[in-house]
Amino acid sequence: MPFSSITFIFLFLPITIILFYVIPRKGWRNLVLVATSLVFFAWSDPQHIHVLFISIMINYFMGRFLDRTQNQEASKKAKWLMWTGIILNLLLLGFLKYTGFFLNIIEAILPITIDYTQPTLPLGISFFTFSGIAYLLDVYNKVNPAEKNLITFSSYLIMFPKLLQGPITRFIEIKEDLAQPKFVPLDMMQGVRRFIGGLAKKVILADSLSMATNQIFSSNFSDMGANVAWFGLIAYTLQIYLDFSGYTDMAIGIGQMLGFKLPENFNFPYISRSISDFWRRWHMTLGGWFRIYLFIPLEFARKREKFLRQQSNLLIVFLLTGFWHGASWNFVIWGIYYGIILAIEASGFAKKLKKVSPIFQHAYALVLIVIGWIFFRITDIGSWGSFFGALIGAHGWRSAVTFRSLNILFYIPFLIPGILFSLPFMHRLAEKTKSKEGVGRIVLDIVYILLFLFTLTFILSKGFTAFMYAEF
Amino acid sequence: MRKISRCFLFTFFIIILSLPVYWLLGGKPASQVSIVEGRVLALPEKSYPTLQIALDYIREGQLGDAFTLVWNLYTGGSLQRKFDAAATDQFPLRMPLIHFSKAFDRQTISLAYAFSNDAVVSADMTSNIYIIPNEEALIFPPGILDQQGYTNMDERLINYDQISSLYPNINFNIYYVETLAYSQVHPLNRYFANADKGQAIEYFKSNLTDRIELGVMPLDGMKDQLANFYRTDHHWNIYGILEAYNGIYELLKQNFVNISEKFTPDELYTFPDIEFLGSLARKTLYPITGDPFTVYIGELANCIVSDNGIEGKYDCRDEYLVGNYQTTPYLDHYELFFGTQTGLLEYNCETTTNRSILVIGDSYSRPLIPLIAQHYQQTFFVDLRQVPEFTLSNFLNDHSVEDVLVVGDYEVVFIDTEVWSIHP
């Protein structure tokens, strides 16, 4: 169920909040959360509801076994259990997400034909699988003990605000909130504001820009002028941030409404001064996951190796980061692209970069980030060349594919608010106003309510499909 | 918590609770038929006949069967889809809010086009329909002619060739109606590198077998467009219909020398209280003055009409002429007045000839059928989209016709696609 649907905003959300807070015993609130999360998931993806149950069972019981084994100080058994849990999680993810990809590789290498149809991917599987692995590793590393209550554990793993697109949350980050879910009016208010802001970002800006980018990236790049190609790339750069950060804002906002503090996922990534800085600001929970559970253990395990250890570890981490985003070569290359840049930065370039003008640092990071989105957005690797050609004006500044032929001229004004909301300016202004008493705050609250109503008109307008009586 | 924060929270929750409360109080839209969208709005209770069956099972104590039924409905996803559709369709003040959103879209479009000298601008953000503000006319973008278009044309040309050689005793006629999208005069042609610009008809003409007669209703400029077509609808108006009828009459006359006298209307009548806001206005919700709705009045031969063999009245012409019609905005007067059909339409008329004709066409052709039927004993009409299994050989085995006429625009006349295909 999308957060931006009428069903979610006007039925699921109010019903969930009412049920959550009318339950007199706080312990039962997690039960409400689990039940509503199952409904939430099954509303969009009913065929895969069993995958959620499997994931809950694997991680809950493996966590419990691990905990018990560790108490008995049988470290080898604990290690074996930890690996079994991780492998089971990865098998679940690998089977459902990557089987087709690997079989294609086998088909390409060996002279065989494999009759295999890739099943549809369960929604959010990459997110809840990574949450499960994080939980097991934290139990193994004694960051937190295993949760004994199955309902409490399930509410951590499949909590609907973060179920489909994160933020990837560690158990320890919301453990206390899960133990004592409570109503905090101030959090509720901040949550509502955050939700409205995210909804507007997603529906008004990201969805509008996506209409333009979908048109551009489905066109023939060899007929495209540089003006359209650059507009498409900039619009996509904004769209992907506004879409994902808008979703995260909604998720964090809903979490706050229910008394949970979910971790932040973005910190204005487009003002980064280097690519290392970018990955500290973009999809922070995924970056954090790879840093804690892969990069640091790799560094530790290979501490005796001196030659290019950090660089090769970065490459491994970002190869897997790319692969996490999708079972497709373009994501793998996107990951390698960042791995190489980060390896170069780690080899001393980052230090040199800090000595040059901040404007150059921003420009350097932004250009590389924007180029990176080409690999991410265009899944057909064979088309990259013609798109790069269009960018450098190989087909002229204007060519056969124009703003008018694609009917996207009117999306140009969306770039201005898109850029404004990708920079900290608007956020700082809102924070400044919020912290003060008086008219400014009243105006801000009115703006939020009007923004909410305005966003609703966009949502309803999308559902308007006048019948052209083509059948007549 | 400060007072203003409570107000903010209170307002937000009042808004999000308004819909479930409105539903619980039994609130429904004034009309359950959306005229502007041409569809029945989804209603929760009407969307779930299966749930009713499940409730019956529960009353009968068959809890297992009821659970299985609901579970299958849920896991199949249809319950959710219908519920989402109903939740959106039944939203209070839905249409005014959509109008507001469209108004915002238009302001954004104005802003985007403010720095250009374009005489034609997008009418909204979703429909791919444009407005010529000076003429207050809504139009489609130019049609594209690419390699696939030529392939589709070649397939149709081969089919025409086969048909005409298979049935040498039948007169085959094609009447092409040039629309703005496929003409040289479309004001946006210069922005579309692959715009048709009238090239397709030239290719078609030069490759069509000479066993088939071809007539064309050309579009020589925007003046023709504004004179013969509605400004708010994709169809032609009465002037376009009558011009096409005259052209078709002359075309048929070439092989039907004894054709009865051409029909001349007694008068052209404009309904004073109808403001026709057609398909383009509906799709864009562009605030535009409606078209006058003008029809011909004249003595037509008595005909028995049947659709798929069922006799009936398949238009509202008589009702309109006695003043029995509605003036609700966005009502599709073209369809209501000129009629529609679901399968093979047949006119059996009291005429002095025993000749028959098959007309293949679309909604453009529908108003022409009563006029063409004046000259034949039997007139058959088929819209290929409604009868995908239609083949000429099957039809001609069952019916005896002397003339075949294909009439329409680009899609109907000269391309073979999955939807539009002439099967010999």
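Here, contact means heavy atoms within 4.5 Å. Helices (H or I, at least four residues) and strands (E, at least two) are DSSP runs, numbered from the N terminus.

## Ground rules

This is a predicted model, where local features need pLDDT of at least 70 and side-chain atom pairs count only at pLDDT 80 or more, while totals for chains, interfaces and linings use all residues. Residues are numbered from 1 along each chain as its sequence is written, chains are lettered from A and ligands numbered from 1 in the order in which they are written, and side-chain values use heavy atoms, with hydrogens and water left out.

## Where chains A and B meet

Let's start with the interface. Chain A puts 57 residues into the contact and chain B puts in 74. Together they bury about 5,900 Å², with 72% of that on carbon and sulfur atoms; buried area is the accessible area (1.4 Å probe) that two parts lose on being put together, summed over both.

The rule also picks out eleven residue pairs in polar contact across this interface, both residues at pLDDT 80 or more. (A polar contact is a pair of N or O atoms within 3.5 Å; within protein, one must be able to donate a hydrogen and the other to accept it, and residues adjacent in sequence count only if both atoms are side-chain atoms.) On the chain A side, helices H1 (6-22), H2 (26-44), H9 (185-217) and H19 (439-462) each supply at least two residues. H19(A) gives the largest share, 13 residues. By class, that side of chain A has 42 nonpolar, nine polar and six charged residues.

## One salt bridge across

How many salt bridges link chain A and chain B? The count is one, with a salt bridge being a side-chain nitrogen of Lys or Arg within 4 Å of a carboxyl oxygen of Asp or Glu. The partners are B:Asp118 and A:Arg404, at 2.4 Å from N to O. Over all chains, the whole structure has 25 salt bridges.

## H19(A) against H6(B)

These two helices pack at an angle of about 100°, with their axes 8 Å apart. Axes are lines fitted to C-alpha atoms, for helices over the stretch in contact, and angles run from 0 to 180 degrees between N-to-C directions. H19(A) and H6(B) are therefore roughly perpendicular, a label for angles of 65 to 115 degrees.

From H19(A), the residues in contact are A:Phe454, A:Thr457, A:Phe458, A:Leu460 and A:Ser461. They meet residues of H6(B) including B:Leu97, B:Ile98, B:Phe100 and B:Phe104. The contact of H19(A) with H6(B) has seven nonpolar, three polar and two charged residues; Ala, Val, Leu, Ile, Met, Phe, Trp, Tyr, Cys and Pro count as nonpolar, Asp, Glu, Lys and Arg as charged, and the others, Gly among them, as polar.

Terms used:
Parallel < 35°, antiparallel > 145°, perpendicular 65-115°, else oblique.
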